[in-house]
Amino acid sequence: MPQLRDSGTRTLHATEPVPSAEMDGFCRIFGVETEYGVAVTGVEKPVDAGQVAMTMFQPIVSRSRSTNTYLTNGSRLYLDVGSHPEYATAEARAPHEALAQDLAGERVMRGLALKAQTRLRETYGEHATVHVFKNNVDSAGHAFGCHENYLVRRFVPLEAVEHQLLPFLITRQLYTGAGRITPDGFQITQRADFLDEAISSATTRSRPMVNTRDEPHADPDAFRRLHVIIGDSNRSQWATWMKLVVTHLVLCVIEEAFRRGKPSGFEDWAFIDPASANRAVSRFLDAPDAALTLASGETVSALALQRRYFHAVALFVADHREAMDAAFAVSTSMMKHATDVATDSPTAVILGEWDRVLQALEAHDYEALADRVDWAAKRRVFEALRRRRPDVTAIQLEQLELDYHDVANGHLYDSLVSRGQLHQLMTRDEVERAVHEAPQDTRAALRGRFVEAALASGAQFSADWTHLTVTAPERREAILLDPFSAEATAEFEHLMAILGR
Amino acid sequence: MPQQFEQPQSQTQETHEDDVLAQSAPQSADQSQDQSDVLDDILNDIESTLETNAEEYVNSFVQKGGE
């Protein structure tokens with residue numbers, strides 16, 4: 001059952017950390033790690049997913065001598081256990097920047113898949129088709145993840161995450177769930193039936209909803225990195241953005257409460273049984289008003305609990321909007337779109353979207369959500385298909401549901417977008433830029449410059465989130481402990497000089 | 001949400017929020033087109049997907065698990 005322990009890597013960073021300038025306000029570092037599933041159809045002889053994934057990573061291996069690398073946009077691309085291609089976005093201060101990075105990951109995966117497909121056709125026939133699924137469950141019931149990372153001020157204890165944030169994360173799936181056809185019927189989430197523990201330090205052994213493995217990739221005395229596992233992979237751009245921004249707002253309330261030593265208002269909202277509450281939320285369409293029991297003994301529906309969070313956050317924002325907007329506004333890339341920043345409030349926009357989506361759910365108007373909520377978009381198409389072809393089989397619907405998640409050769413998602421049926425937050429050009437360019441206001445900017453210089457000079461290099469290393473001809477390292485800082489250090493400049501920059 | 005910043009920012013906050021939502025309405029589709037017509041077009045787009053072997057397609061996707 002729930003484990004609460006700091007499995008520390010604190011001694012790892014032996015160098016004296018420089019206190020981040022960002023401790024006081026509402027700034028945050030956002031990241032999204034997405035595992036993709038791989039399959040191939042139309043082959044003349046059998047080929048397993050592992051081989052397809054290895055073929056996809058052939059160009060990476062010949063470039064980096066490894067299936068684990070960092071790209072010029074600062075993100076990490078690697079082949080995870082179980083032959084899952086995985087992409088972890090570079091550190092972003094602005095949620096829409098994290099979204100752009102995540103979409104860049106889709107594009108990178110698509111490029112690798114189509115190249116692999118060309119190669120595989122030489123051996124497996126001209127109809128071999130590679131599928132790369134941005135989803136969370138395969139046909140045999142193996143689950144895999146889309147993990148969100150939030151840098152959280154360390155004075156927030158793990159108990160608060162479990163008791164105050166988890167009920168929000170469970171019920172937020174009403175509008176961030178990707179939906180899935182299951183033996184139990186259509187559920188609004190992909191993963192609810194695969195998560196059993198509330199909080200744990202492991203992810204592969206057990207299936208927690210929030211992981212506490214303590215790898216902040218930042219000053220460990222100032223921050224922890226909250227690793228949220230409960231979320232689905234989203235195709236809807238709005239859904240990816242929404243899960244980041246609303247979770248951020250709730251975290252702001254919790255952080256400020258501990259900073260001031262005052263209650264957040266979320267203290268009594270923990271579920272008595274988070275895993276069963278999670279499964280009930282996933283079956284929302286069967287029983288929208290299902291009563292969930294809180295540890296206090298009170299019962300409440302998932303939607304009513306979301307509404308409580310909304311009201312509490314709205315009250316908080318009324319007092320802190322300027323500071324909260326400022327945390328977003330430091331992002332230069334967000335500023336460059338602004339014609340008049342003074343009249344603009346990103347926080348108010350988020351609250352507006354949140355309110356409207358809850359209103360639609362309260363009115364049982366799921367059609368109104370179909371242009372932004374993944375499960376509602378799928379459900380709308382499935383129902384239309386059933387009307388047109390009453391003989392459509394369960395397996396055909398399952399195929400269509402997988403097709404929606406296929407970033408390499410899928411049709412349904414692209415059709416919805418090209419016909420204006422899914423809200424787009426990013427232009428193609430913005431996504432294309434994010435494939436090559438790192439966010440300019442975080443440590444990722446330095447990593448991006450380093451990778452680009454290393455590749456151009458042909459030097460051997462390695463990297464992780466806090467280290468940049470040239471391994472040959474001369475070993476030299478730069479440590480970047482503050483994820484908020486894009487400022488080049490002397491160490492970094494020396495590294496770049498070795499690379500001829 | 002980048003689009004929100006491409007708009008003139010002279011409105012009050014409330015109409016600004018309305019604008020954001022207005023932008024979320026279908027843009028590239030013919031506005032006068034009935035929603036059911038759009039759904040018909042989408043079903044036509046995916047017709048070829050449904051003609052492939054659904055059984056093979058679904059069962060081909062087996063991973064070893066991750067995370």
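Student: In this predicted model, which residue in strand 16 of chain A stands opposite Gln460(A)?

Tutor: Strand 15 and strand 16 (residues 467-472), both of chain A, pair in the antiparallel sense over four bridges. In that pairing, the residue of strand 16 that stands opposite Gln460(A) is Ala472(A).

Student: Which are the edge strands of the open sheet in chain A?

Tutor: Three antiparallel strands of chain A form this open sheet, in the order 15-16-17. An edge strand pairs on one side only, and in chain A the two that do so are strand 15 (460-463) and strand 17 (476-479).

Student: What angle does the direction of helix 16 of chain A make with that of strand 17 of chain A?

Tutor: Neighbouring strands of the sheet are turned against each other by 15° on average, direction ignored. Helix 16 (residues 490-498) of chain A packs on the sheet and touches strand 16 and strand 17 of chain A. Between the directions of helix 16 and strand 17 of chain A, the angle is about 145°.

Student: Is Arg65(A) buried or exposed?

Tutor: Arg65(A) lies in the loop between helix 2 (58-64) and strand 3 (68-70) of chain A, and has a positive phi of about 55° although it is not a glycine. Because Arg65(A) has 10 C-beta neighbours inside 10 Å, it counts as exposed.

Student: Where in chain A is His364(A) placed?

Tutor: His364(A) is not a glycine, yet has a positive phi of about 55°. With 10 C-beta neighbours inside 10 Å, His364(A) counts as exposed. Its place in chain A is the loop between helix 10 (346-362) and helix 11 (374-388).

Note on methods:
Residues are numbered from 1 along each chain as its sequence is written. Chains are lettered from A and ligands numbered from 1 in the order in which they are written. This is a predicted model: local features need pLDDT of at least 70, side-chain atom pairs count only at pLDDT 80 or more; totals for chains, interfaces and linings use all residues. A residue is buried if 20 or more other C-beta atoms lie within 10 Å of its own, exposed if 12 or fewer, and partly exposed in between; C-beta atoms are placed from the backbone. Two strands pair if DSSP finds at least two bridges between them. Axes are lines fitted to C-alpha atoms, for helices over the stretch in contact, and angles run from 0 to 180 degrees between N-to-C directions. Two residues are in contact if their C-beta atoms, placed from the backbone, lie within 7 Å.
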